[in-house]
Amino acid sequence: MLRRCGGGRYRLGEGPVWDARHERVLWVDIDGCAAWARPWPDGPVTLIHRAERAVCAILPADDGGLVIVEADRLVRQDESGAVSGERVVDLGDARRFNDATVDPQGRLLVGTLSLTGRSESQELFRLEPDGRFARVREGLSLSNGLGFSPDGTRMYHVDTMRRRIDVLDATDDAPIAITEWTVEGGYPDGLAVDAEGFVWVALWGGSAVVRLDPSGRVVDGVPVPAPHTTSVAFVGSALDELLITTAFVGRAEPADADGGVYRCPAGVAGVDVPAWRTQPLSTMS
């Protein structure tokens, strides 16, 4: 049964993730320029990061801290909550960072979106251990949800405005496209992968999270009371519950359900998102 996770409403709730070390869930409000945490399974929702720009993603680090993706920079927060590093990225005036994840090797992946309308020139970047910021993919309409198969050999990557999930061979440092899945019923947004290799994707404008089998066919779903369903994650010590974020931005007359964060049993365990392999955030070249 779907139920509300706290009473907060977020303009653009996004990026839910499980922080196993601290037994809490994390998410961001992109347009609200903030990141939030809640002890699991119950506890108060607390503000853990506030910025002067969009806060696009937040991910646990292997030293107990966090890496936070803001509109044009990466921010490192130590375990005490203090900012311990920052790296500004010149993306130009017409775009910002968007969804992010950590790959099986512990490297940060983060994509971009256009701020000036439809685009076919968005990119996906990876922060390498030697500090390079490598371009992994290009020619995207809007880089969104990211995830990996249980064995790490497949990468799933949402290209939202094309209503598409790209399936890539991730066995090489340069992922190679294998196939693509067209998503109906809404615009695909954030995603998560379960232990059976099925992909769960939130549908912006679709009031749902749907579960896709390894061929891309919808086999199940979770109705959500907010049309702008933005992302989903497996959370809890057994990774057997779903945390679902929504948004009220873009709604002419937002209802109370819009912008809520929701939880429900998943019926299956999820694939853990690895902790970011902590590294210094020096000036971006």
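This is a predicted model: local features need pLDDT of at least 70, side-chain atom pairs count only at pLDDT 80 or more; totals for chains, interfaces and linings use all residues.

Visitor: What volume does the largest pocket have?

Guide: About 440 Å³. It is lined by 32 residues, and Thr101, Leu146, Leu191, Val271 and Val273 are the closest to its centre.

Visitor: How does that lining split by class?

Guide: There are 22 nonpolar residues, seven polar and three charged in the lining of the largest pocket.

Visitor: And the second largest pocket, what's its volume?

Guide: That one comes to about 370 Å³. Its lining has 19 residues, with Leu12, Arg96, Leu113, Leu142 and Trp204 closest to the centre.

Visitor: Which strand gives the most to that lining?

Guide: E18, with three residues. E10 and strand E11 (108-114) also supply at least two residues each. By class, the second largest pocket is lined by 10 nonpolar, five polar and four charged residues.

Visitor: Switching to packing. How many residues are in the largest nonpolar core?

Guide: It has 37, and the ones with the most contacts inside it are Ile58, Val69, Leu74, Phe97, Leu108, Phe133 and Trp276. Elements giving two or more residues to this core include strand E3 (24-29), strand E7 (66-70), strand E8 (73-77) and E10. E6 has the largest share of this core, at five residues.

Visitor: What does leucine 108 touch?

Guide: Leaving aside neighbours within four places in sequence, leucine 108 is in contact with Leu59, Val67, Leu74, Ala100, Thr101, Phe125, Arg126, Leu127 and Trp276. Another core lies apart from the largest one, and its 29 residues include Ala34, Trp40, Phe234 and Ala257.

Visitor: Now charged side chains. Is arginine 211 buried or exposed?

Guide: Arginine 211 counts as buried because its relative accessible area is 12%, and the cut-off is under 20%. You'll find it in strand E20 (residues 208-212).

Visitor: Which side chain does arginine 211 make a polar contact with?

Guide: Aspartate 194, at 2.9 Å between the two side chains.

Visitor: What about glutamate 128, where is that?

Guide: Glutamate 128 sits in the loop between E12 and strand E13 (133-140). This residue is buried too, at 5% relative accessible area. Beyond four places away in sequence, glutamate 128 touches Arg107, Ala134 and Gln279.

Visitor: Last topic, the backbone. Where's the cis peptide bond?

Guide: Between tryptophan 40 and proline 41, with omega about 10°. Proline 41 is in the loop between E4 and strand E5 (46-50).

Visitor: And which residues other than glycine have a positive phi?

Guide: Cysteine 33 is one of them, with phi near 55°. Leucine 239 is another, with phi near 50°. Most residues other than glycine have a negative phi, so those are worth a look.

Visitor: Where do they sit, starting with cysteine 33?

Guide: Cysteine 33 is in the loop between E3 and E4, and it is buried at 17% relative accessible area. Leucine 239 is in the loop between E22 and strand E23 (241-246). With 11% relative accessibility, leucine 239 is buried as well.

Note on methods
Residues are numbered from 1 along each chain as its sequence is written. Side-chain values use heavy atoms; hydrogens and water are left out. On a 1 Å grid over the protein atoms alone, a cavity is a set of points where a 1.4 Å probe fits but cannot get out, and a pocket is an open set with protein on both sides within 12 Å along at least five of seven lines; lining residues have an atom within 4 Å of a point. Grid points are joined across faces, edges and corners, and a volume is the space filled by probe spheres set on the points. Ala, Val, Leu, Ile, Met, Phe, Trp, Tyr, Cys and Pro count as nonpolar, Asp, Glu, Lys and Arg as charged, and the others, Gly among them, as polar. Helices (H or I, at least four residues) and strands (E, at least two) are DSSP runs, numbered from the N terminus. Buried means under 20% relative accessible area, exposed over 50%, partly exposed in between (1.4 Å probe, protein chains only). A polar contact is a pair of N or O atoms within 3.5 Å; within protein, one must be able to donate a hydrogen and the other to accept it, and residues adjacent in sequence count only if both atoms are side-chain atoms. A nonpolar core is a set of buried Ala, Val, Leu, Ile, Met, Phe, Trp, Tyr and Cys residues joined through side-chain atoms within 4.5 Å. Contact means heavy atoms within 4.5 Å.
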